[in-house]
Every structure is written in structure tokens, then in C-alpha cells.
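Subject: Structure handover

Hello,

Please find the structure below, with the sequence. My notes come after it.

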Amino acid sequence: MLESYNYLLHTILLPSQTHKVLMKQKIRDFIFDELIFVAEPEKFSDDDDLLEAGLDSMGIMRLIMFIEEQFGVTLPDSEIDPDNVNTFNALEAWVLQHKS
């Protein structure tokens, strides 16, 4: 709950570009802490393929639940597609498309 509150404060107080970076970093941290193992996550670029790195269907569902909870968006089931979840840049674009 505190994390959601902190994110809300940052969303209101920080410029758009800064909270995009924070959002992507939170997603990166969640994926590398909870869903896939990458020996050197700092070398994993925003365009590297998460599916090839081991993100599976159960991981995608957990990731979507995390994103919806953390960022207050609803990601439609009809849009769950490899093109929307295969890279950090694709995830960011998908989330921002549904952010009000």
C-alpha cells in the first residue's frame, strides 16, 4: 500500500518523463526479482526479448496484475499479446496507452 501511495505522489509531483523512468524501473525490478533470472540484469536492454529470457504465461499474468495494482491501469485481456509484453519498451507503451 505504501508503494502505491509513493508512486501516486511521484506521479503528481514529478514531470512526465521522470515518472516514465520510475515506472519502467519498477517493472524491471519486479520482473528480475520475481519472474525471470538474468545473470546481469543491468546489461538487459529495454529492447531485449523478455519471452526469450524466460517470461512465461504465468509470469505474464503476474506481471499484468502487478502493473494494474501499482500503476492504477486496466490492461484489457483482449490485448494480452506477445507484442505488448516482449520488451520493456513494449510494456511501457502498452501501459501508457491505458493510463488516464
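The notes below go from the overall fold to the core and then to the aromatic rings.

This is a predicted model, in which local features need pLDDT of at least 70 and side-chain atom pairs count only at pLDDT 80 or more, while totals for chains, interfaces and linings use all residues. Residues are numbered from 1 along each chain as its sequence is written, and side-chain values use heavy atoms, with hydrogens and water left out.

Confidence and fold

The average pLDDT (the predictor's confidence in each residue, from 0 to 100) is 87 for the protein, and 81% of the residues score at least 70. Confidence is lowest in helix 1 (residues 2-13), with a mean of 55, and highest in helix 3, at 96. Where pLDDT is low, the predicted coordinates should not be read in detail.

The protein has 5 helices and 0 strands, in the order α-α-α-α-α along the sequence. Helices (H or I, at least four residues) and strands (E, at least two) are DSSP runs, numbered from the N terminus.

Of the 100 residues, 35% are buried; buried means under 20% relative accessible area, exposed over 50%, and partly exposed in between (1.4 Å probe, protein chains only). The protein exposes about 6200 Å², of which carbon and sulfur atoms supply 55%. Accessible areas come from the Shrake-Rupley method with a 1.4 Å probe, and for residues only the protein chains shown count as cover. Among contacts (heavy atoms within 4.5 Å) with a separation of 6 or more, 55% join residues 24 or more positions apart.

The core

A nonpolar core is a set of buried Ala, Val, Leu, Ile, Met, Phe, Trp, Tyr and Cys residues joined through side-chain atoms within 4.5 Å. The largest one has 24 residues, and those with the most contacts inside it are Ile27, Ile31, Ile36, Leu50, Leu63, Ile67 and Leu91. Helix 2, helix 3 and helix 5 each supply at least two residues of this core.

Leucine 91 lies in helix 5 and is buried, at 1% relative accessible area. Setting aside residues up to four places away in sequence, leucine 91 touches Ile27, Ile31, Leu50, Leu63, Ile67, Asn84 and Val85. With the exclusion of neighbours within four places, isoleucine 31 contacts Ile36, Leu50, Leu63, Phe88 and Leu91.

Glutamate 92 is also placed in helix 5 and counts as buried, at 16% relative accessibility.

Aromatic rings

The whole structure holds 5 aromatic pairs. The rings of phenylalanine 44 and phenylalanine 88 have centres 6.0 Å apart and planes at 85°, so this pair is edge-to-face. Rings of Phe, Tyr and Trp (its six-membered ring) pair if their centres lie within 6.5 Å; planes under 30 degrees apart count as stacked, over 60 as edge-to-face and the rest as tilted. Phenylalanine 44 lies in the loop between helix 2 (16-35) and helix 3 (57-71) and phenylalanine 88 in helix 5 (residues 88-98), so the pair ties together parts 44 residues apart in sequence. Both phenylalanine 44 and phenylalanine 88 are buried.

The rings of phenylalanine 66 and phenylalanine 71 are also edge-to-face, because their centres are 6.4 Å apart and their planes at 90°. Phenylalanine 66 is buried at 15% relative accessible area, and phenylalanine 71 at 3%. Phe30, Phe66 and Phe71 form one aromatic cluster.

Regards
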